[in-house]
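Below is a briefing on one protein chain, grouped by topic. Please look at the sequence and the model before reading on.

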Amino acid sequence: MDITDIRVRRMTAEGKMKAVVSVTFDNAIVIHDIKVIEGQEKLFIAMPSRKTPEGVFKDIAHPINAEMRELLQNAILRKYEETLLEQDEAE
């Protein structure tokens with residue numbers, strides 16, 4: 001399964017959530033609302049989730065192994081950084 005498109009849909013300078021991203025796989029399926037989060041030491045991604053009646057957040061979609069999570073996170077963070085650079089150049 002290949003990542004065929006990554007769109008940074010919303011970026012914010014304030015707060016820990018830095019962006020909301022959509023990722024398309026094989027030009028056939030898309031996952032919306034992946035968040036770019038600023039952690040204590042580095043940026044990371046949070047998959048789309050829903051709050052259960054018990055108040056616990058559960059992922060709606062997520063990678064099922066560490067290799068796919070790393071591949072997805074690296075691709076998203078690379079696109080986020082590119083978008084930041086493009087935004088800085090435009091200003």
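**Helix across the sheet**

Helix α1 (residues 66–90) lies across β1, β2, β3 (29–38) and β4, running at about 55 degrees to β1. The model is predicted: local features need pLDDT of at least 70 and side-chain atom pairs count only at pLDDT 80 or more, while totals for chains, interfaces and linings use all residues. Residues are numbered from 1 along each chain as its sequence is written, and side-chain values use heavy atoms, with hydrogens and water left out. Helices (H or I, at least four residues) and strands (E, at least two) are DSSP runs, numbered from the N terminus. Axes are lines fitted to C-alpha atoms, for helices over the stretch in contact, and angles run from 0 to 180 degrees between N-to-C directions.

**Sheet**

- Four strands form an open sheet in the order β1-β2-β3-β4, with antiparallel pairing; two strands pair if DSSP finds at least two bridges between them.
- β1 (3–11) and β4 (43–46) stand at the edges with a single partner strand each, so one side of each has no neighbour in the sheet.
- On average, and with direction ignored, neighbouring strands of this sheet are turned by 30 degrees against each other.
- β1 and β2 (residues 17–25) run antiparallel and are joined by seven bridges; S22 in β2 is the bridge partner of R7.
- β3 and β4 also run antiparallel, with four bridges between them, and K35 stands opposite A46 in β4.
- The hairpin formed by β3 and β4 has four residues between the two strands.

**Helix α1**

- The 25 residues of α1 should span 36 Å at 1.5 Å a residue, and the end C-alpha atoms are 36 Å apart, which agrees; the expected span is 1.5 Å times one less than the number of residues.
- L72, Q73, A75, I76, L77, Y80 and T83 of α1 are buried, where buried means under 20% relative accessible area, exposed over 50% and partly exposed in between (1.4 Å probe, protein chains only).
- The cover over the buried residues of α1 includes β1, β2, β3 and β4.
- Q73 lies in α1 and counts as buried because its relative accessibility is 16%.
- Beyond its neighbours within four places in sequence, Q73 is in contact (heavy atoms within 4.5 Å) with F44 and I45.

**Nonpolar core**

- The largest nonpolar core has 16 residues, of which V21, V23, I34, V36, I45, L72 and I76 touch the most other members; such a core is a set of buried Ala, Val, Leu, Ile, Met, Phe, Trp, Tyr and Cys residues joined through side-chain atoms within 4.5 Å.
- β1, β2, β3 and α1 are the elements that give two or more residues to this core, and α1 gives the most, with five residues.

**Backbone at two aspartates**

- Most residues other than glycine have a negative phi.
- D26, in the loop between β2 and β3, has a positive phi of about 50 degrees although it is not a glycine.
- D33, in strand β3, has a positive phi of about 65 degrees and is likewise not a glycine.
- D26 is partly exposed, with a relative accessible area of 39%; D33 is partly exposed, with a relative accessible area of 39%.
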